[in-house]
Structure formats: C-alpha cells, structure tokens
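Q: I've just opened this model and I'd like to learn how to read it. Can you walk me through a few features?

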Amino acid sequence: MDFSARLYKKTAHYLTAGCLLAITAQAYGADDDASQAIRQSFAAHPSACASTLAAAELQSSSLLHELYAQEAFLPLWQEPSRRGALLHELEQLADDGLDPNEYLLDSLRTTLPKDIQQRACADLLISHSYLQALQHLSRGRVAQEPIEPFWRAPDSVSPTPRPSVLSMAGQGIDDLPAAFATARPILRQYQQLRRAYAERRRLPLAEWTPIPGGRLLRPDMRDARVPLLLARLAAEGYIDERPAVASDHYDATLVTATQRFQTRHGLQADGMIGPDSLTALNTSAAARLEQLRVNLERWRWLAGDIEAQTLLVNIAGGQLSYYRDHQLLWQGRAQVGRPERQTPQLKSLVSRLTLNPTWTVPPTIMREDKLPAIRRDLGYLALHQMRVLDRDGNPLDPTKVDWQHPGAIILRQDAGPKNPLGQLVIRFANPFSVYLHDTPSQHLFSKSPRAFSSGCVRIEGIVELLDTLLPADDCAEIARLLASGNTKEFPLRERLPIVLAYWTAEVDADGELILRNDLYARDQSVLAALQRNTY
C-alpha cells in the first residue's frame, strides 16, 4: 500500500473512530479525553495502569507504545463488535496448542469501566493480549534458544522474512481474522498438525493398561502379556474385532495390527515388540496430545526458516525431504547422530559437493573410537586405508608414533568403498563439522529409529537426490567425476537452504499422523516451558 493510500485509510479510520467516540461521549468521555488518558498511561504517568501492566510495557520503546503511536493513541477496543471478534480469534488458539485463557479473555467478556483512566488501562490490556497472541502464534510461545539451541548461518536469513508483529497488529485492527491468519504459520506441516491436534483434543482420551517389560515378543510366540497387547491396540482402533476368548498367542492378526501401529509411530514394522515398541505402546493418550502441542511450538519456531526451496532433515524421524516451491519433490531415509552424539539443529546454505571424499577423523571420534582401536592393533590403520599426518598434512610413519600420547596428529582415510563418507558429501557452513553424506552402511537404513552416526547425516540414495537437485549437465559431470575415483570439489551454481531440525510428530505425505518416540528426550523440556505461566 503506497503512502497516500495508507494516509487515506488512517484518516478514514481516525474520523470513524472520532465519530463513534463522539456518539458515545456521554458514556465514557470525549475522544480527546480517552486519547489523552492513553497517552498519560505511557512514559509520562506509567503508574496509572501499574495494576494491570508491567512498567516495561508502558515505555516508549515497547511494542504496545508503537502500536498506539501508529494509531494516534486512539482507543482501539471501545466497540463491542471488535472486542467480540478478538475474543473469537483468541479462543481459536486452543487448536494451536496455546491456552486462550493466557490472553485474559475476561477483559473482553466484561463491560469496559466508565472511568476514563480505567477504561484506557483496559484498552491497553486488551492490546497487550492481542500483541502477545500474535507474537506467540507467529514466533512461538516460548524462546527456542534456552530449550533447544538452533544455530543459523549469518547469511542464511530468508530473503522474504515474515511480517513483523507490529505490522500484523496494525493492519489487522480492522480485520482480526486476517491478522491471525497472517500470524499463523502457513507451512503445510503446521497446518496439518494443527488440524490433527484440533480433532484429537475434542475426543475422549482412550485409556489402557501399560504392558510390562520382558523378553522380546516375536510373532507366533505365547506370552502372558498378549491380552494386554490386544486391549492396547483395540483401544485406538488397530484391531476391528476382539476375539471372544482371550488367548496368550501372538497370532498373525495381532502381528498385522502391531505392524500398523509401528508404522504410525515411526518404528520398524517387523511385528516384534522390544523396548522401542513398548515405549510407544505405553505412552498415554494424554501424553500424545501434549506431544502434538510441543511440535506445534517447534513449527512456530521453524516458520521463518523454511523457504520455498529447502533441504529439510527431520532428526528425530531419520528422514530427508527436498521441497521446491513448497512442494515435496524428493524424500529419503537418513541416519542421524546417536543420543550420546546428537545431530545439531541448524540452518545453513549448501555450497559445494565433495566427490569421492577422503575422511579426516574428527577429534571426538579419534579420541573415543579410533585411538583405542589402533592401540589394540596397529594393523587397524592399513585395514581401513587410514594415513597418519602431522598438523601440516605431512605423512608420518605409524610405527614411530607414541600412540599413548600421539600429540597433534591427523588421521585421514582414503577415498574408496570402505570410506565412511561413501561416494559423496554435501557440505554447508556450520561450527559442528557436520554434513550430509553417503555411507557404506546401507543395511542400517532398514532400521527405525536410525540413530547410528556421530552427528553427521547419512542419506540413502544421495547420488540419486542430485538428479532432482541439480541441472542435468551438472549431474552428467558429477557422474563422470565419480567414476574417475579421484577426490574433487564441485561448487554449486546456486546455494541451497538446508535445515536440520527436530520434531517427533507430523502428518506424513499420505495424510497419516506419525507420533515418534522422543529420540533425544527433548519433548518434556519444551512442554514444561509451555506450561509455565508468563503472567
């Protein structure tokens, strides 16, 4: 909107507001009095509303002050219809996993005071709730960094940032549904998860008796826990008809139901019930509902990072997705860091590929894995085609190194079939020395969960991914270079946004809700933060 149009809109708004205030002047004072009371509630006389708002909210630098300044300090919530519209939008936040009562709904349900100053304070309090709701909906209810640190490369900021809370609030005063729709993330992942949560929270919570631990339960076994398993699966509709007579036989019908359950919970659908499946089976319906709330918050954190074209790694799910124009074009399985060596959350830009890579062993892996193996058997180096270098890259004789106190050495594995990076590495700037790469450990992709690495992300079919990512002539050149067996760096023509993030609940491409076990035990910290009262 250009300046003249904006000025016309504002002038019309002020004239309309002035007329409305004049009509109702006998009830609560003239326009000038109401505006003056609001002005005085800020820096000049902040104690006027001290009982309802913190002093920081009434400073000239606050978002609340900026909102009223751009609205000429006119009262914003005098009209009952506008308060009713805001009340309706705030009540809808329950479907976003937010607590509507946090936004002081009673201030919208009650009649405004007749006293001019009290009325001004009530108007300010409603605006505070309005701004806070838009902030929570668009950026997250709690700060991400103290709970789940997320590193962002300085040059990876989206070229089309989301609107500021102030702009959403100001432009939405006369169209509150539009303001909340703008604030709410438009990402498919958020919208679908929100619908799933809205449906579930309105249903009665299913209940079941926990299944005790014990031996691995395999198909066709007999076990005293089978009736409990049957009842558990029936409670959520995984079995259509329960047998008339209870049995301890883990039969084919029950195995099939278990496999459906495992698929819906991101587990290996082998019908065998071990610790991971027991954890999923014994998680209560109430805890699953809270899990959805936690992941809605995570997607609010991520909303500004996911661009139209993005490589997106779900750490908890062990999966890589590639989006172009926000459409899913490619998806494959991934292996991520073990719980003791977690894959970090980050956003960066893919800048180059390494073809037929060598592998320089990171310090942690050298200290904890490689040195103990070498000390046991010096032949480990030759077996794994590993060379010893000094800090300047000069080769060293392994027999002359004191392996109890090796000092500043470098271990580097040659390119080849035994190299843990496989044929290809996708590189992007980050302080964690992580990247996406191929792997000779292809058999691990059939497992789930897939937490096997030391922090990097191994991708199944990574060479085939390039056919979707890159132009055909680039792919042809890469194929030629790979066939040569030589190590080469291949810069990308355009850098590609990449996001590594952690979420444990999602609606998949087939519209199925997937509820995963919490691989890194992070959900509870997010939930605890959400449950803390901000007032």
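Q: How many residues does the protein have, and what share of them is buried?
A: Buried means under 20% relative accessible area, exposed means over 50%, and partly exposed is in between (1.4 Å probe, protein chains only). Here, 50% of the 535 residues are buried. Keep in mind that this is a predicted model: local features need pLDDT of at least 70 and side-chain atom pairs count only at pLDDT 80 or more, while totals for chains, interfaces and linings use all residues. Residues are numbered from 1 along each chain as its sequence is written, and side-chain values use heavy atoms, with hydrogens and water left out.

Q: What secondary structure does the protein have?
A: Helices (H or I, at least four residues) and strands (E, at least two) are DSSP runs, numbered from the N terminus. This protein comes to 19 helices and 15 strands.

Q: Which residues of helix H19 are buried?
A: An α-helix has 3.6 residues a turn, so residues three or four places apart point the same way. In H19, residues 523–531, the buried ones are Asp523, Val526, Leu527, Ala529 and Leu530. They sit on the same side of H19, because they cover an arc of only 160° around the axis (the arc is that of the directions from the helix axis to the C-beta atoms).

Q: What do the buried residues of H19 pack against?
A: Their partner is helix H14, residues 285–302.

Q: How many aromatic pairs does the structure hold?
A: Rings of Phe, Tyr and Trp (its six-membered ring) pair if their centres lie within 6.5 Å; planes under 30 degrees apart count as stacked, over 60 as edge-to-face and the rest as tilted. The structure holds eight such pairs. Take Phe42 and Phe73: their centres are 6.1 Å apart with 70° between the planes, an edge-to-face pair. Phe42 is in the loop between H3 and H4, Phe73 in the loop between H4 and H5, and the two are 31 residues apart. Both Phe42 and Phe73 are buried.

Q: Why is the pair of Tyr130 and Phe180 tilted?
A: Their ring centres are 6.3 Å apart and the planes are at 45°, so the pair counts as tilted. Tyr130 lies in helix H7 and Phe180 in helix H9, so the pair ties together parts 50 residues apart in sequence. Tyr130 is buried, with a relative accessible area of 0%, and Phe180 is buried with 0% as well.

How values were computed: Contact = heavy atoms within 4.5 Å.
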